[in-house]
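Please look over the sequence and structure shown here before reading on.

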Amino acid sequence: MTMMYTPTIPPPDPNTRTPKFKLPKLSCDAHCHIFGPGAKYPYAPDRSYTPPDAPLEDFRALHAKLGVERAVIVNASVHGTDNSVALDAIAESNGAYRAVANIDDSITERELRVLHEGGFRGCRFNFVRHLGGVPDKRVFDRIIAMVTPLGWHIDLHFDAIDLPEYADMLTRLPLSYTIDHMGRVKAAQGLDQLPFRILIELMQRDEKCWVKICGSERVSSSGPPFTDAVPFARKIVETAPDRVIWGTDWPHPNVKVMPNDGDLVDLIPLFAPEPEFQQKILVDNPARLFEFDR
């Protein structure tokens, strides 16, 4: 029998630094994950990597240290299409959490309704090559048709090099979409690189396009403290401040250099020095997209 090899990735930095920047009240970490514990929430057999457990209690401790009051749990591919870990976390959060699901076209209308009533407001599609590549177009179209009546958005994870190929398809979508990690552009290639120009053009011409200014450690070419990602986030914020959200991406799966989450919070005033933009990105925009109580 052939055994699948699933590499184990490093854990997050356990010594979260208290950030200098004080987050506004009701700030939301709009892109983060909970992993396991595997004994309670088993990892999918066909996963592409194996994470160390990063359970709810660690998730809460991180946010307490950072000053985060709300969160959006993006259910990671390691849990397959089992969304229980996020569903249970929302149920314990007293309205402070929402989630983005991993689903496939085997899901029923009733199962979708359970997720919606449980606090899910979107689903994710992974186009990143090292994580499995392009989703089946038939499955993609069927899921879009199923979730659009719920008012959900879709969360899209691309390699930067593929953004130009998909731009026109995105503008034709019947629902809002978020693009993860600033499109995973490479800072060393500059603001004028084609994938970043396409990303900015999408934000300018398509009111359905939202972008997450997270993943500075993925964008950076120079390493900590990842300040070479700042001009990209700044341009995104200036382009459409009402359609930008921020997240830590904790516990940072598959990164080359593990960041400290306190350092990531301290990038926010470099991305958006203006208090009114900080309020939009951290509070107002995620509250609107994920339907938090105001």
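Buried means under 20% relative accessible area, exposed over 50%, and partly exposed in between, with a 1.4 Å probe and protein chains only.

## Basis

This is a predicted model, in which local features need pLDDT of at least 70 and side-chain atom pairs count only at pLDDT 80 or more, while totals for chains, interfaces and linings use all residues. Residues are numbered from 1 along each chain as its sequence is written, and side-chain values use heavy atoms, with hydrogens and water left out.

## Cysteines

The structure holds zero disulfides (pairs of cysteine sulfur atoms within 2.5 Å). For Cys-32, the nearest cysteine sulfur belongs to Cys-28 and is 7.3 Å away. Cys-32 counts as buried because its relative accessibility is 0%.

Cys-123 is in no disulfide either; the nearest cysteine sulfur is that of Cys-209, 16 Å away. Cys-123 also counts as buried, at 0% relative accessibility.

## Helix 2

Helices (H or I, at least four residues) and strands (E, at least two) are DSSP runs, numbered from the N terminus. In helix 2 (residues 84-91), the buried residues are Val-85, Ala-86, Ala-89 and Ile-90. They lie on the same side of helix 2 because they cover an arc of only 130 degrees around the axis, taken from the directions from the helix axis to the C-beta atoms.

These buried residues pack against helix 1 (56-66), strand 2 (70-74), strand 3 (97-101) and strand 4 (120-126), where contact means heavy atoms within 4.5 Å.
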